[in-house]
Amino acid sequence: MTNALREQLAWRLASEPISEQQIRQVYEAQSERFTHPERFALSHIYIADGDGAEQKARALLEQLDAQPNDPQSATSRGDVFYGGHHFAPQNRNQIARRMGPGFAESLNSEALNAWQGPIKSSYGWHLVWLSEYEAPRSMPIEAVADRIKAELQKDQREKALSEFLKEQRQGREI
């Protein structure tokens, strides 16, 4: 009897072929899953939290607006920041893990190559120079088709197994 059940199960779990149409439907319905998030490369001037820190950051921003400095030299006008003053391109989630969600959400992609802020982080106040911005972009369907196909096949197998087990349980005490 065990072999007969195994054969029935194997037959049931044999997946129907996944069509290009099914893959495209998942790709279009769940497009947010297949998008590279926006990314930012930035430098920042850190002002340690304390009395007057926000005002100090605002005054420094006015000075930078009046007398522009390149980000490399301008970072020395603030306090030492042990996480570094220059960030390679990162998405908002990566930046939020380093600096806090409020900091990441405050980044303005339109202020490229200009100082913005002051922006509050979990460490203190920052003036931010956004040196690069990459807009969100969709992954081509060709790059994710195999992943979608594997997910659809897994769903088919799980559904077939569930139906098989349900049929086997009917009329039996377990």
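The model is predicted: local features need pLDDT of at least 70, side-chain atom pairs count only at pLDDT 80 or more, and totals for chains, interfaces and linings use all residues. Residues are numbered from 1 along each chain as its sequence is written, and side-chain values use heavy atoms, with hydrogens and water left out. The chain has seven helices and six strands, where helices (H or I, at least four residues) and strands (E, at least two) are DSSP runs numbered from the N terminus.

**Overall fold**

- Along the sequence, the elements follow the pattern α-α-β-β-α-α-β-α-α-β-β-β-α.
- The chain has 174 residues, of which 33% count as buried; buried means under 20% relative accessible area, exposed over 50%, and partly exposed in between (1.4 Å probe, protein chains only).
- Among contacts (heavy atoms within 4.5 Å) with a separation of 6 or more, 69% come from residues 24 or more positions apart.
- The chain has an accessible surface of about 11300 Å², and carbon and sulfur atoms hold 49% of that surface; accessible areas come from the Shrake-Rupley method with a 1.4 Å probe, and for residues only the protein chains shown count as cover.

**The four-stranded sheet**

- An open sheet is formed by four strands in the order β3-β2-β5-β4, with antiparallel pairing; two strands pair if DSSP finds at least two bridges between them.
- Strands β3 (86-91) and β4 are at the edges with a single partner strand each, so one side of each has no neighbour in the sheet.
- On average, neighbouring strands of this sheet are turned by 35 degrees against each other, direction ignored.
- Four bridges join β2 and β3 in the antiparallel sense, and Phe 40 has Gln 90 in β3 as its bridge partner.
- Helix α5 (residues 92-99) lies across β2, β3 and β5 and runs at about 130 degrees to β3; axes are lines fitted to C-alpha atoms, for helices over the stretch in contact, and angles run from 0 to 180 degrees between N-to-C directions.

- Side chains of opposite charge can pair when their charged atoms come close.
- The whole structure contains six salt bridges, each defined as a side-chain nitrogen of Lys or Arg within 4 Å of a carboxyl oxygen of Asp or Glu.
- One of them joins Arg 39 and Glu 134, whose closest N and O atoms are 3.3 Å apart.
- This pair links strand β2 (residues 39-48), which holds Arg 39, to strand β5 (residues 124-134), which holds Glu 134, across 95 residues.
- Arg 39 is partly exposed, at 28% relative accessible area, and Glu 134 is also partly exposed, at 28%.
- Lys 120 and Asp 49 form another salt bridge, with the closest N and O atoms 2.5 Å apart.
- Lys 120 is in strand β4 (residues 115-120) and Asp 49 is in the loop between β2 and α3 (53-66), so this pair ties together parts 71 residues apart in sequence.
- Lys 120 has a relative accessible area of 34% and is partly exposed; Asp 49, at 43%, is partly exposed.

- Arg 58 and Glu 54 meet through their side chains in a salt bridge of 2.7 Å, N to O.
- Both residues are in helix α3, four residues apart, and are therefore separated by about one helical turn.
- Arg 58 is partly exposed at 42% relative accessible area, and Glu 54 is partly exposed at 25%.
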